[in-house]
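Subject: Structure for your files

Hello,

Here is the structure I promised to pass on. My notes on it follow below.

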Amino acid sequence: MRTIIEPFRIKSVEPIHSTTPEQRKELLIQAHYNPFLLKAKDVIIDLLTDSGTGAMSSEQWAGIMRGDESYAGSESFYRFESAVKNITGMPFIIPVHQGRAAEHILFTFKGGEGKYILSNTLFDTTRANIEFSGAQGLDLLCPEGKLPAVSAPFKGNIDTQKLRQVIEEKGKENISVVIVTVTNNSGGGQPVSMENIKMVRDICSHYEIPFFIDACRFAENAYFIKKREVGYQDKTIIDIAREMFSYADGCTMSAKKDAFANIGGFLALNDAKLAEQCRNQLVITEGFPTYGGLAGRDLEAIAIGLGEIVQEDYLHYRIRSIEYIAEKLDAENVPYLKPSGGHALYLDAKAFLPHIPVHEYPGQALAAALYLEGGIRGVEIGSVMFGKYDQQGKLVPATLELLRLAIPRRTYTQSHMDYLLEVIINVYRNRKQIKGFEITYEAEYLRHFTAHFKPAAQK
Ligand code: F0G
């Protein structure tokens with residue numbers, strides 16, 4: 001087997017600024033130990049997110065120049081609409097400025113007091129939009145998805161038995177949507193099988209509940225189906241993606257992920273009446289239905305990106321580059337969520353730092369340690385992001401305590417990944433010296449973005 005090379009050449013570069021460990025110590029204090037509050041220029045390798053941080057292709061940049069900025073009926077909109085229809089097969093395509101805007105519009109109509117939205121795992125913005133509407137979101141992840149050390153092919157699957165049970169318990173009239181997130185970002189970037197998607201379709205049809213896909217990383221999910229699910233080896237990625245969408249009634253999408261765009265998203269629907277309601281809402285909050293909060297050039301970049309993302313050589317390199325990190329971590333027994341996911345590597349902070357209790361946020365402690373050691377920025381996906389308080393004000397922790405290292409698309413090279421590995425391995429060797437954190441400030445919703453921390457008091 002030959003080395004799997006990056007299937008692109010570099011035409012334009014951006015400098016990386018270095019910092020010393022002493023500078024980083026000071027910068028981290030100024031950022032209240034929250035990597036979201038660091039300035040990007042003070043980060044050496046930025047793995048905070050794969051969202052909107054990828055490199056656009058020369059074709060996309062050419063499309064940017066072609067963007068038609070007409071307020072109504074822009075040519076770029078029609079190219080965008082046709083690219084989205086080509087993949088989803090859905091007739092009503094509503095552009096939005098990013099994924100959460102699609103969620104907000106959808107849950108304006110599908111949320112509300114007394115309603116439940118069931119999912120494999122809701123992403124944080126999806127959950128926030130659901131709760132903001134007064135509805136409740138319930139995660140029904142399959143049992144293997146909750147075991148970080150256990151490897152299984154489709155750890156993003158929803159537990160279909162639980163799904164039936166919860167629908168029966170809550171009453172089908174109270175379940176407004178079932179939404180399956182592909183790949184399951186908050187659960188480790190793990191894929192959902194076609195079999196699981198089909199079963200959800202059957203259950204939703206039986207109970208007459210709409211079935212939606214959170215499609216942010218649909219192409220990565222399709223690639224895993226091709227590689228891991230019987231009967232899909234000879235199918236193209238686009239055919240697999242089309243089959244996935246054929247089972248759904250609608251989808252929300254952040255084009256900042258699997259469309260290689262820096263901004264954008266859409267809501268795609270089969271239901272004409274819901275589409276009309278959503279479009280009316282769109283005009284109030286985003287913009288006219290043929291631009292929806294985006295510039296014409298952004299619509300162009302998305303249309304072209306959707307064509308590039310389903311190319312198999314790209315996906316092969318993409319998934320392999322993350323497996324490469326995983327293999328090197330295996331050699332050092334560094335605990336991470338197995339198998340490695342589609343867009344990120346998730347260090348298992350609970351196993352990495354067993355001496356830090358969950359109420360001292362091991363994922364946050366690991367985030368700070370990687371930044372101090374090598375200027376790497378990751379994001380905690382654990383009790384800072386998903387923790388709640390009970391009536392006594394005691395932390396109800398998240399199921400998993402993870403540090404996500406999300407890999408921007410087509411942005412970093414193998415030597416950046418080798419540097420990342422050196423940093424992680426060094427932190428792992430010195431892990432006993434790492435200390436936990438306390439929260440000193442937090443917002444009501446999505447607290448992880450702006451929370452302030454201080455080192456936990458020593459007992
Ligand atoms: N759904 C999933 C599964 C996501 O991963 C995201 C964003 C969204 C919805 C919301 O999309 O950011 O365009 O509004 N995830 C980013 C991340 C922020 O870092 O994982 P958005």
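Leu163 is in contact (heavy atoms within 4.5 Å) with Leu118, Leu140, Ile158, Val178, Val200 and Ile203, leaving aside neighbours within four places in sequence. Leu163 sits in helix α6, residues 160-170; helices here are DSSP runs of H or I with at least four residues, strands are E runs of at least two, and both are numbered from the N terminus. Leu163 is buried, its relative accessible area being 0%. Buried stands for under 20% relative accessible area, exposed for over 50%, and partly exposed for what is in between, with a 1.4 Å probe and protein chains only. From Leu163 to Glu195 the C-alpha to C-alpha distance is 15 Å, at 32 residues apart in sequence.

On provenance: this is a predicted model, in which local features need pLDDT of at least 70 and side-chain atom pairs count only at pLDDT 80 or more, while totals for chains, interfaces and linings use all residues. Residues are numbered from 1 along each chain as its sequence is written, and side-chain values use heavy atoms, with hydrogens and water left out.

Next, the ligand. The residues around the ligand number 17, and Thr49, Asp214, Ser254, Lys257 and Arg404 come nearest; a residue is near if one of its heavy atoms lies within 4 Å. By class, this shell has two nonpolar, eight polar and seven charged residues. Asp, Glu, Lys and Arg count as charged; Ala, Val, Leu, Ile, Met, Phe, Trp, Tyr, Cys and Pro as nonpolar; the others, Gly among them, as polar. Helix α4 (residues 99-110) gives the most to the shell, with three residues.

Polar side-chain atoms lie 2.7 Å from a ligand oxygen atom for Arg100, 2.9 Å for Gln98 and 2.9 Å for Arg217. Taken alone, the ligand exposes 470 Å², and the protein buries 95% of that (Shrake-Rupley method, 1.4 Å probe).

Thr183 lies in the loop between β5 (175-181) and α7 (194-207) and is buried at 0% relative accessible area.

Last, Ser57, in the loop between β1 (45-46) and α2 (58-66). Ser57 is buried, with a relative accessible area of 14%. Its side chain makes a polar contact of 2.6 Å with that of Glu308; the term covers N or O pairs within 3.5 Å and, within protein, one atom must be able to donate a hydrogen and the other to accept it, with residues adjacent in sequence counting only if both atoms are side-chain atoms.

Regards
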